[in-house]
Amino acid sequence: MLALVTGASSGIGKEIAYSLAERGFDLILVARRLEVLIAIKHDIMGRHGVNVAVVKTDLADPEACKELYKKVSRFKINVLVNNAGFGVFGNFDETDLDSELELINVNIKAVHILTKLFLKDFKARNSGYILNVASSAGFFSGPMFSSYYASKNYVVRLTQAIHEELKNSKSRVYIGALCPGPVKTDFGRRAGVVFSVSGMNSKYVAEYALKKMLEGQVIIIPGILMKVGKIAGKILPEAITAKAVGNFQRRRHEKAMRIE
Ligand SMILES: NC(=O)c1ccc[n+]([C@@H]2O[C@H](COP(=O)([O-])OP(=O)(O)OC[C@H]3O[C@@H](n4cnc5c(N)ncnc54)[C@H](OP(=O)(O)O)[C@@H]3O)[C@@H](O)[C@H]2O)c1
């Protein structure tokens, strides 16, 4: 069994890679930092005795995403984990346009391209798993984190729609979206924010995600807080949830300013 994990050089993706290796999967690990990937490859091979290949790819480039698929499509990949992603924090009129276009490329376009290309193969074989790492941000609008929340809404809705199509065609291919709340990773540092609630452990999130994926759950929400958050998001009017998310993000901002 072979799995491809994007964004495997740190955080949730790295832990998903370790958890897959513990289950006996061979791995293809993708990210930009090649040296980091190589160190992880050797550690995983030493610990778990599986085969690991690494591919340095900048997923912000749509052509590189297509190239990645071409490079690996000769192998029989059983699991695709679209995990790579990042956030851009701040009021929309103040954030950097180029960083947001990069975000759209990585969080939306790369997920879109790889899902489409691999799904065709998986459907033809009538087997395979696609796990898209979205976020609980995908259930809300996100003042001060607007493009990030919007990108994760795209991933959640795309995943749900494809799941429905697969169900209608009686396909055995799985697609699901992992939707955690805050997780302790490099995410906050890259986005320039500090979580105002303590983040979940990334190993726990990875293990939970794989367990639920193998059980066939479509929307995977680790932890009680965000399960409640999702229900609240369905019941409460948008004006209230947007205000609550905005307040939550502002507290992050203030905390980050105090630390700086
Ligand atoms: N941490 C949270 O609170 C949280 C909560 C919900 C969802 N998520 C989602 O979880 C996913 C993983 O994030 P994380 O928290 O684990 O953050 P992280 O530790 O910063 O990891 C992000 C990963 O994405 C890769 N990446 C970023 N830009 C890339 C690009 N242009 N090309 C290729 N790879 C790229 C990074 O690798 P390189 O830098 O080596 O390229 C890294 O491996 C993201 O989709 C994020 O939105 C995170």
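Which handedness does the crossing of helix 3 and helix 4 have? I looked, and the crossing of helix 3 and helix 4 is right-handed (left-handed if the near helix is turned anticlockwise from the far one by less than a right angle, right-handed if clockwise).

Ground rules first. I'm working on a predicted model, where local features need pLDDT of at least 70, side-chain atom pairs count only at pLDDT 80 or more, and totals for chains, interfaces and linings use all residues. Residues are numbered from 1 along each chain as its sequence is written, and side-chain values use heavy atoms, with hydrogens and water left out.

**Helix 3 and helix 4**

I took helices as DSSP runs (H or I, at least four residues), numbered from the N terminus. The axes of helix 3 (residues 62-72) and helix 4 (residues 97-125) come within 9 Å and cross at roughly 30 degrees. Axes here are lines fitted to C-alpha atoms over the stretch in contact, and angles run from 0 to 180 degrees between N-to-C directions. Helix 3 and helix 4 are therefore roughly parallel (angles under 35 degrees; over 145 is roughly antiparallel, 65 to 115 roughly perpendicular, the rest oblique). Nonpolar covers Ala, Val, Leu, Ile, Met, Phe, Trp, Tyr, Cys and Pro, charged covers Asp, Glu, Lys and Arg, and the others, Gly among them, are polar.

**Helix 1 and its partners**

Next I checked helix 1 (residues 11-22) against helix 7 (residues 202-215): they pack at about 55 degrees, axes 8 Å apart. That angle is why I call helix 1 and helix 7 oblique to each other. Their crossing is right-handed. By class, the contact of helix 1 with helix 7 has 7 nonpolar, 3 polar and 4 charged residues.

Helix 1 also comes within 10 Å of helix 2 (residues 34-48), axis to axis, crossing at roughly 25 degrees. So helix 1 is roughly parallel to helix 2. I noted K14, A17, Y18, A21 and E22 of helix 1 meeting I40, D43, I44, R47 and H48 of helix 2.

**Ligand**

What surrounds the ligand? I counted 31 residues (a heavy atom within 4 Å), the closest being S10, R32, R33, Y148 and T185. For polar contacts I used pairs of N or O atoms within 3.5 Å. A side-chain N or O atom of Y148 is 2.6 Å from a ligand oxygen. D186 puts a backbone N or O atom 3.3 Å from a ligand oxygen. R190 has a polar side-chain atom 3.4 Å from a ligand nitrogen.

Note on methods. Helices (H or I, at least four residues) and strands (E, at least two) are DSSP runs, numbered from the N terminus. A polar contact is a pair of N or O atoms within 3.5 Å; within protein, one must be able to donate a hydrogen and the other to accept it, and residues adjacent in sequence count only if both atoms are side-chain atoms. Contact means heavy atoms within 4.5 Å.
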